[in-house]
Amino acid sequence: MKKDPCFWVNTFLLCSSFQNTLFNANYSMTMLNVGNGQTIVFQDNRTLRTVLYDAGVDRGRSKQLVSNYLRWAGVNWVDAVFISHQHDDHYNNLLGVQNYFLVKQIIYNNTKLTRIRFGGMKFTVLHRWINDSDENNNSLVVLVEINNTKILLTGDITQKIELNLLEQDLTTATLLQVAHHGSVTSSNLLFLQRIKPMFCFISGEKTKQQKYPAATVLQNLQAVNCQIYFTGGKRNLQFHIIDKKTVLKLF
């Protein structure tokens, strides 16, 4: 069936408008709509640096989902991919990314790195592989600092690791990647009260088997006045940093 020419014009203008917004931002963080998996894309649009935290999608989703987004976003290479831990839903699109892009560095959860910088984005590892019997607790916990904005990435850690992190000199975070897709196993209230996140991003969706996010988690996030955003199988979440201002985009 032929589409009206106006359809393609309007589609092009819409995409162009969105991409102009994206690339006018100094930096962006995009949590992709991958179901009960996780892929987060960081871009420094001044120095053309791209870093991924995880590269996984839920079962049944396209093996090219992540690479398709990166191509649409105008990425030509990937400077680094952090793989938080060895669960399929956090790395099963990595090979697809490598097939389409030069991936300069893959950083696994047994890394010895403490700090690494890509353009204006500083990544600090707060927790790594500890040979825990629960692989979720081996997740890389990474603090990303961009200007005055702090983003805390937690993979799938449980409350056990969240409480261990309280022993460190944790500061408040502008944005929190809520651990384990909003599972009741994570998001301890004491941990949340320490970091006091302003924005909380959850990668997941409700299914018959997995009812994310848990009601208790939402209550805890609300108790610390965090603005909650959930991909929900419907939308990508994008956080822009423009100079010292932050802007949220849902698409």
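**Entry 1: helix H2.** I looked up which residues of helix H2, residues 65-72, are buried, and found Val66, Ser67, Tyr69 and Leu70. I then looked down the axis of H2: the buried residues fall within an arc of 160°, so they line one face of the helix. I note here that the model is a predicted one.

**Entry 2: what H2 packs against.** I asked which elements the buried residues of H2 pack against. I listed strand S1 (27-31), strand S2 (39-44) and strand S3 (49-55). The list goes on with strand S4 (77-78), helix H3 (94-100) and strand S15 (237-242).

**Entry 3: after the helix.** I checked the backbone just after H2 and found that Gly74 has a positive phi of about 85°.

**Entry 4: the chain as a whole.** I counted six helices and 16 strands in the chain. Of the 251 residues, 53% are buried. I also looked at contacts with a separation of 6 or more: 62% of them join residues 24 or more positions apart.

**Entry 5: size.** I looked up the span of the C-alpha trace along its principal axes, which is about 60 × 40 × 35 Å. Next I compared the radius of gyration with that of a compact globule of 251 residues, which would be near 18 Å; the chain has 18 Å, so the two agree.

Methods. Residues numbered from 1 in each chain as written. Predicted model: local features only at pLDDT ≥ 70, side-chain atom pairs only at ≥ 80, totals over all residues. Heavy atoms only, no water. Helix = DSSP H or I, 4+ residues; strand = E, 2+ residues; numbered from the N terminus. Rg over C-alpha atoms; globule rule 2.2 N^0.38 Å. Buried < 20%, exposed > 50% of the residue type's maximum accessible area, 1.4 Å probe, protein only. Contact = heavy atoms within 4.5 Å. Arc of directions from axis to C-beta.
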